[in-house]
Amino acid sequence: MEQSGVNFGTSGARGLVSKMTDMVCFAYTMGYLQHLSTLGEFSPQTMVAVAGDLRSSTPRIMGACIAAIEYMGGRPLFCGFAPSPALCHYAFALKIPSLMVTGSHIPADRNGIKFNRAQGEFLKNDEAAMRAQDIELPKEMFDTEGMLIKSVAFPPITDVLPDFVARYRDFFGPDALRGFYLGIYQHSAVGRDVLVDIVESLGAEAIPLARSKSFVAVDTEAVRPEDIALARKWAEPRKFDAILTTDGDSDRPLLADKDGHWLRGDVLGILASRFLKAASVTTPVSSNTALEKAGFAQHMQRTRIGSPFVISEMMKAIEAGVTPAVGYEANGGFLLGSDVTYEERTLSALPTRDSVLPMICALVAAKLEKKGLSSLVNDLPRRFTQSDRLTEMPTEKSLYHINLLRKNPNENVENLGFSEICGPLSHVDETDGLRMTFQNDDIVHLRPSGNAPELRIYVETDSPDRTETLLQQGLNILAKWKEPLPENQLQNFHK
């Protein structure tokens, strides 16, 4: 890990494709399986499910992972190119390990491997135990560039998608979306076709849009200007009831109303949680505070950003008997921690990020209440969030500046210029990065990305215009952080 620079991010191992050689991916998979063997979840002849997204680098990396599974005596179950939640739904039901080769929403020059245990995601304690594994690589299998010498024979594809479609059709019913005319923004999402299948199985008419042969890094949390413009363009004829899409591995949703306005993922999470009558809701500290103000759940808890943290706290609620228990992230990924019932039909738990469930919940709620999606959102307490990122911002530099801000927040907030925009600082939350709440209830939250060299900025205010203005002002303020730092300052920081 240290030699390659491929490390665990917010969710799984991530790195530049050039650094993710076959040997590195093979080593990661060996460490993963050795860790599972200590838990009794892997031994020779154990099936391990493998799937991947549509990046050009994914097939090679899947091959390296399959080679490692076979070397360790396992039986690779090749699920082809399928959404992360579809892979998990299938593997969890069989109680077998699974791994997904995906870089999620990050650029195509990067990729990753997301590891799962037999019935749930890898949590942070699993990552630590996997790091501690000592492995002995069969170096004779690799050339001097770290690539496999012999090509890998992929097993026949096991189709996991029919069960995934049936999951939603059986729960919501074949007429749940009857009368809806939906645009499906396909781009390069691995779930682009199965999403069409799912909404059609619920009675909707689906129109595929903008299918791409090359990988498109759609980020559901920091929506690209191109995607904002596309949704507005598609909405102009006023024919779609909504537009649906996902990120690259289709575990994070992005839903637009009939006017082409993309709903924030944390707002979508609130709508889905309320529709499912959740008793416990777990979400990261960066999510919209309209959740607490809506007051429909008896138990709400905030965590660090990342599905492992959400799952860990969500499971504590389940152990305490507070169910139905759900979780969601600001990117829209929705986690169903316990079974839930709707019209005497039961949906089984799926404690991993899912893009389909929250979008269908919101659409069914709109149909039942005879309202558009925008009306559902307007019924929520008036809190508005937006986020963006400073790209090409090394994590080390982000941490340096955030640490300075943390040491003396009142003075440094004023020096940066946030006090002039937002007024006096009232509260600082260090759950994940630095989340600053001002006396006028504006919120500015800064944290380094766990997946790429980027600085994330999240803002929240009581009006859409105010939120957009604050986000742009914040980006302008933070742009100066990209300037080179004197070497002595970095040395003192490390000390």
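Student: Which strands make up the five-stranded open sheet, and in what order?
Tutor: In this predicted model, the order is E19-E23-E22-E21-E20, and the pairing is antiparallel.

Student: Which strands stand at the edges there?
Tutor: Strand E19 (384-390) and strand E20 (425-429) do. Each has a single partner strand, so one side of each is left without a neighbour in the sheet.

Student: How much are neighbouring strands turned against each other?
Tutor: By 15° on average, with direction ignored.

Student: How many bridges join E20 to E21?
Tutor: Four, and the two strands run antiparallel. E21 covers residues 434-438. Within this pairing, Leu425 stands opposite Phe438 of E21.

Student: Which helix lies across E20 and E21?
Tutor: Helix H14, residues 409-416. Its direction is at about 110° to E20.

Student: Moving on. What is the strand order in the four-stranded sheet?
Tutor: E9-E8-E10-E11, again an open sheet, with mixed pairing. The edge strands are E9 (205-211) and E11, each of which pairs on one side only. From one strand to the next the twist averages 25°.

Student: Which helix packs on that sheet?
Tutor: H6, which touches E8, E9 and E10. The direction of H6 makes about 165° with that of E8.

Student: Which residues in E11 are the bridge partners of Thr246 and Ile243?
Tutor: Thr246 is paired with Pro253, and Ile243 is paired with Ala256.

Student: Are the faces of E11 covered or uncovered?
Tutor: Both faces are covered. Pro253 and Leu255 are buried on one side, and Leu254 and Ala256 are buried on the other.

Student: What is His187 in contact with?
Tutor: Leaving aside neighbours within four places in sequence, the contacts of His187 are Arg192, Leu209, Ala210, Arg211, Ser212, Val216, Val218, Thr245, Thr246 and Asp247. Thr246 is also the residue whose bridge partner in E11 is Pro253.

Student: Which residues make the contact?
Tutor: From H5, they are Leu161, Phe164, Val165, Tyr168 and Arg169. From H6, they are Val194, Asp197, Ile198 and Ser201. By class, the contact has six nonpolar, one polar and two charged residues.

Student: New topic. Why is H11 described as largely enclosed?
Tutor: Because 11 of its 13 residues are buried. Among them are Val356, Leu357, Met359, Cys361 and Ala366.

Student: What span should H11 have?
Tutor: H11 runs over residues 356-368 and should span 18 Å, at 1.5 Å a residue. Its end C-alpha atoms are 18 Å apart, which agrees. Lys370 follows H11 and has a positive phi, near 55°.

Student: And H13, what span should that have?
Tutor: H13, residues 395-407, should span 18 Å for its 13 residues, and its end C-alpha atoms are 18 Å apart, in agreement.

Student: Which residues of H13 are buried?
Tutor: Lys397, Ser398, Tyr400, His401, Ile402 and Leu405.

Student: Last one. Where is Glu392, and is it buried or exposed?
Tutor: Glu392 is found in the loop between E19 and H13. Glu392 is exposed, with a relative accessible area of 64%.

Student: What does Glu392 touch?
Tutor: Pro453 and Lys482, not counting residues up to four places away in sequence. As for Gly306, it is 86 residues from Glu392 in sequence and 21 Å from Glu392 in space, C-alpha to C-alpha.

Methods: Residues numbered from 1 in each chain as written. Predicted model: local features only at pLDDT ≥ 70, side-chain atom pairs only at ≥ 80, totals over all residues. Heavy atoms only, no water. Buried < 20%, exposed > 50% of the residue type's maximum accessible area, 1.4 Å probe, protein only. Pairing = 2+ DSSP bridges. Expected span 1.5 Å × (residues − 1). Axes fitted to C-alpha atoms, helices over the stretch in contact; angles between N-to-C directions. Contact = heavy atoms within 4.5 Å. Nonpolar A, V, L, I, M, F, W, Y, C, P; charged D, E, K, R; others polar.
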